Each structure stands twice: as structure tokens, then as C-alpha cells.
Amino acid sequence: MKIARVETFILHVPVTGGNIADSMHAISHWGMPGAVVHTEDGRSGYGFAGTHAHLPTDRLITGFIAETAAPLLIGQSLDGTADVERLWSTVYHFPPAQWVGRSGITHLGLAALDIALWDLIAKDAGVPLWRLLERRTDPPPLEAYDTDGGWLHLSEAQIVANCRRAVEERGFHGVKIKVGKPDLAEDLRRVAAVRRAVGPEVKFMVDANGKWDLGTALAADPFLAEHDVFWVEEPLWYDDLEAHRRLAEAARVPIALGEQLYSEYDFRNFIGAGAVGFVQPDVTRLGGISEWLRVADRAHEAGLPVAAHAGDMAQIHVQTCLAHPACAILEHIPWTRDCFEEPMTVRDGVFVRPEAPGAGTTFRPGILERYGR
Ligand code: MG
């Protein structure tokens, strides 16, 4: 295959119930600035990043793709994984781009393109991405846990009802709720109420989205441990490696993090410092599937489980997690599910294996028109 042209798009897809909030963010839509990479023989690969659907910011990402990265790709050959890695490196190391950003806007643009390239070579091979990646051949069931019922703006009664329904009616074996209320005592009451409602067998996680300081996290830890919280996610400001290291050393509940880390080097630093228990790389924040695999490999070497952050809100992480031996559990947030030809599906608490060729990123007809900005 030879790359002929790159077309950009920005989709804004409504979230469940019209709006959601955690301790740091309140959004009404999930943003997908991305690219369709077309080949000379008429094939198309789809990829995108995940954002908070702020149009001026999303345009910076598609602007980088269209004006800086696409000219580097057009005319290049694409016949296998070695070509994806070569093209990843071409964009990542393009001197004017790496000078202004090895994270943020440029990296999200790289993520979208990398995903589109993997989509193309998996389609060309006639297999779903997880089969192409070949880190393991016959994956065990990939457990789904539900995040979409535990938002911070919901009342205690609402999160209790949502989590109970996720377990009893929808078959999930795990749930996660947001924490980071102004008053820690309120967070802890909500934790106790949800644990009571779902019973002792269900995996139960909490996520502070970077809101707490070290003192608050240390104060919360014994209570979280007593309520058998499986992990505490992003307890502290994302970049504060030393505070995470100190918390990990002192706390009983393992730390999960990674959704705001941009590069394999960030993960290398956190893993090396013993500052993370569950590693949460995200293909839409890292430079796509290529860099996600390098992070998952490194976590696996260090003996750490990978529980990806599902920033695609769809099928891509089902593919990468099925393929990788470090993965046994994955987050479920279905906001963009209905945009795709083969929607992400959970049955009896596990993700159904995708079977369509590609990365699972091909939109259904009409989606670009319906949600395009
Ligand atoms: Mg999170």
C-alpha cells in the first residue's frame, strides 16, 4: 500500500445523560479529533485522539495532523508493522515538531495517525488488530468493569443504584466511582455505601482524577483498604512522581495511573520508581498503539498488571488488551460505542472479541456527518 492522502475530522459525541463530572472536569461531549488515512489502492484507516470536545483545542490537533504530519506520510509505503514503526518515528522525530512538543497537541495528533495506520495494516491482513499484534494467541476472557455509573456529580443514592444495576442486571464483575469531593468524609461515605450495595465479591475501584494531596490520600488509605478497594486511581497530581512514590511506599491500596502520561519515558520513570501498581496507558494519549505496546511490554517485564484507560470509549483497547499478556481487566465507558461498524460489546461481564478486520475504528455510515464539527 502507498499513502495517498490524509483527511481530518472532529467529532463531538454526547456523554451518558448529557453531562458528567469528576473532581477536575465537567463535560457534555467526548471529542474525537482524528484522521482518515487513504491509500492509493482505495483503502481507508481510521484513528482519533480523545478530548473534552473543545473545538478550538481540537482544531490544534487536526491542524497538526493536516499541516505538519500528513506531508511526512503522503507517498510513503505501508506494508506491515515495520512500516508503522518507521512512520511513527518519522513524525515523532520530525525536528520542528519534537522541538515544540513531545506531549500534548503533537502527541495526540501522532496517536490518531498511528491508530489509523494500524487499522490499515490489520484490514490489509484481513484480521482484527488483536490477532495481528500476536503478543498471545488465545487470550483468556477480558473482564469489563463499569465506570459510567459512578460520576462525582451524581448523588450517593444514584451511584449506589447505578453500581448495583451494573452488577446485578448488566453482569459486570467490577465498578469504579469518582472521589475528590471537597469533604473527604463525604467521599468515604459514598465508598462505604457502594461497597455495601455491591457486596464483597465485586472489584471496586475509586478515582480521584489527580485531586488529592499526599496528606488526603494517606488519610483515606486505611478506610479504602478496609472496604477492599482494589485500586485508587490518580490520587495525586499527574506529574508528581515523588509524591506517588511516597504514597505507594506507605499505602495499603495500590495506585493506578497513566491516563495523563504522554510517553513511554513517563511510564518508565513511574515504574522504575515503584510509584505505580496498576499501569493505565491510553492509546489516544500516548502516541497510539505503537507506544502503548512498548509501555505494556515494560509494565509486563516489571511484573505489573496493565489496566488500560479507555480514552477511545470504544473498541481499540479491547483489541490491544486482548493481545497483551499484562492485561486481564479493562474499563467500560460506552459513549462512542454506537459510532462504529463493530460496536464494543460486553456479555456476562467480559468483552466480546472483535472479529472484523482492522482496529475497530471504522465509523458507521453517517456518523461523520452526524457528530462532525
Ligand atoms: Mg481515571
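Domain bounds, as used throughout these legends, come from an automatic or database domain assignment. The views show a predicted model, in which local features need pLDDT of at least 70 and side-chain atom pairs count only at pLDDT 80 or more, while totals for chains, interfaces and linings use all residues. Residues are numbered from 1 along each chain as its sequence is written, and side-chain values use heavy atoms, with hydrogens and water left out.

**View A. The second largest pocket and the domains that line it.** The lining of this pocket draws at least three residues from each of domain 1 (3-127) and domain 2 (132-351). A pocket is an open set of points on a 1 Å grid over the protein atoms alone, where a 1.4 Å probe fits, with protein on both sides within 12 Å along at least five of seven lines, and lining residues have an atom within 4 Å of a point. The second largest pocket holds about 200 Å³ of space, a volume being the space filled by probe spheres set on the points, which are joined across faces, edges and corners. Thr 16, Asp 148, Gly 149, Asn 162 and Arg 165 are the closest to its centre among the 13 lining residues.

**View B. The largest pocket, between the two domains.** Because domain 1 (3-127) and domain 2 (132-351) both give residues to its lining, the largest pocket lies between them. Its volume is about 520 Å³, and of its 32 lining residues Trp 30, Gly 50, Thr 51, His 52 and Arg 285 lie nearest the centre. At least two lining residues come from each of α1 (55-73), α4 (105-125) and β7 (174-178), where helices (H or I, at least four residues) and strands (E, at least two) are DSSP runs numbered from the N terminus.

**View C. His 332 in strand β12.** His 332, found in strand β12 (residues 329-332), counts as buried at 7% relative accessibility, buried meaning under 20% relative accessible area with a 1.4 Å probe and protein chains only. The contacts of His 332 (heavy atoms within 4.5 Å), leaving aside residues up to four places away in sequence, include Tyr 145, Asp 148, Arg 170 and Phe 351.

**View D. The enclosed helix α12.** Eight of the eight residues of helix α12 (residues 316-323) are buried, so this helix is largely enclosed by the rest of the structure. Among the elements that cover the buried residues of α12 are β5 (44-48), α11 (288-301), β12 and β14 (350-351).

Methods. Buried means under 20% relative accessible area, exposed over 50%, partly exposed in between (1.4 Å probe, protein chains only).
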